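Dear colleague,

I am passing on a structure that I would ask you to look at alongside this message. My notes on it come directly after the display.

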Amino acid sequence: MNKEELLKIKEKALEEHIPIIMDDTLETIKKYISNHKLNSILEIGTAVGYSAICFTQFLAENGQIDTIERETERVKEAKENIKKAEVEKFINIYEGDAVEILPNLNNKYDMIFIDAAKGKYPFFLKEALRMLNKNGIIFADNILYKGYVMSDYNKHKQRTAVRNLREYIKETTQSPNLETEILEVGDGLAITKLKNS
Ligand code: SAH
Ligand code: MG
């Protein structure tokens, strides 16, 4: 990976207020998976490719990242960035709405990073669980959404997002088959694994 280019990509994204993964969130993910190289990663929400490029450091030699983005302009910039960072052979972008693309995917993933429309998190979870490897791990970013999710906040145009993030937390923490931690890093990170794996 070209680290100098990665820094430029990060700076430009921050300048343009693109909500890229925060440093402490990335560090936390790194801690959770650093013991083993991954063969496959699924990301929902590519934006300009920053997090996907960062995640290539977790991959085994022939590992692959599939990432989904619905905004054409962002897909275009992501492709340019991925090329600049010299990680093209690791990343495959699906252009379109994840709600339509996910049901058509049938791969198995070692890690799934959910980082797109907050109102769709329960749906993304269902699809992620269907495609998660037995020893896999799901990270959901922005799970605490500026603190709204854990407060009594519910009168705002964002209330659908908040309701669905709460639903995601409820499902992942109360399901007998899942083990979940909610961390206050970045904008909140939910970390879910299958039990007994
Ligand atoms: N993971 C990126 C940031 C993603 S920002 C990083 O850390 O670098 C969230 C992105 O998800 C936005 O670019 C938005 O266009 C995209 N998105 C939101 N809802 C989506 C959906 N339903 N399908 C596909 N992409 C979606
Ligand atoms: Mg995010």
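What follows concerns the ligand, its surroundings and the pockets.

The model is predicted, with local features needing pLDDT of at least 70 and side-chain atom pairs counting only at pLDDT 80 or more, while totals for chains, interfaces and linings use all residues. Residues are numbered from 1 along each chain as its sequence is written, chains are lettered from A and ligands numbered from 1 in the order in which they are written, and side-chain values use heavy atoms, with hydrogens and water left out.

Around ligand 1 there are 20 residues, of which Ile21, Gly45, Glu69, Arg74 and Ala98 come nearest (a residue is near if one of its heavy atoms lies within 4 Å). By class, this shell holds nine nonpolar, four polar and seven charged residues, where Ala, Val, Leu, Ile, Met, Phe, Trp, Tyr, Cys and Pro count as nonpolar, Asp, Glu, Lys and Arg as charged, and the others, Gly among them, as polar.

Backbone N or O atoms lie 2.8 Å from a ligand nitrogen at Gly45 and 3.2 Å from one at Ala117, and a polar backbone atom of Arg70 is 3.3 Å from a nitrogen of ligand 1 (a polar contact being a pair of N or O atoms within 3.5 Å). Taken alone, ligand 1 exposes 580 Å², and the protein buries 94% of that (accessible areas by the Shrake-Rupley method with a 1.4 Å probe).

Ligand 1 sits in the largest pocket, in the sense that more than half of its atoms lie within 2 Å of the grid points; a pocket is an open set of points on a 1 Å grid over the protein atoms alone where a 1.4 Å probe fits, with protein on both sides within 12 Å along at least five of seven lines, and its lining residues have an atom within 4 Å of a point. This pocket holds about 490 Å³ of space, and among its 26 lining residues Gly45, Glu69, Asp115, Ala116 and Ala117 lie nearest its centre. Two or more lining residues come from each of α3 (50–55), β2 (59–69), α5 (98–101) and α6 (121–131).

The second largest pocket holds about 280 Å³, and α1 (3–15), α2 (23–33) and α3 each supply at least two residues of its lining. That lining includes Met1, Lys3, Tyr50 and Cys54.

With kind regards

Methods. A polar contact is a pair of N or O atoms within 3.5 Å; within protein, one must be able to donate a hydrogen and the other to accept it, and residues adjacent in sequence count only if both atoms are side-chain atoms. Grid points are joined across faces, edges and corners, and a volume is the space filled by probe spheres set on the points. Helices (H or I, at least four residues) and strands (E, at least two) are DSSP runs, numbered from the N terminus.
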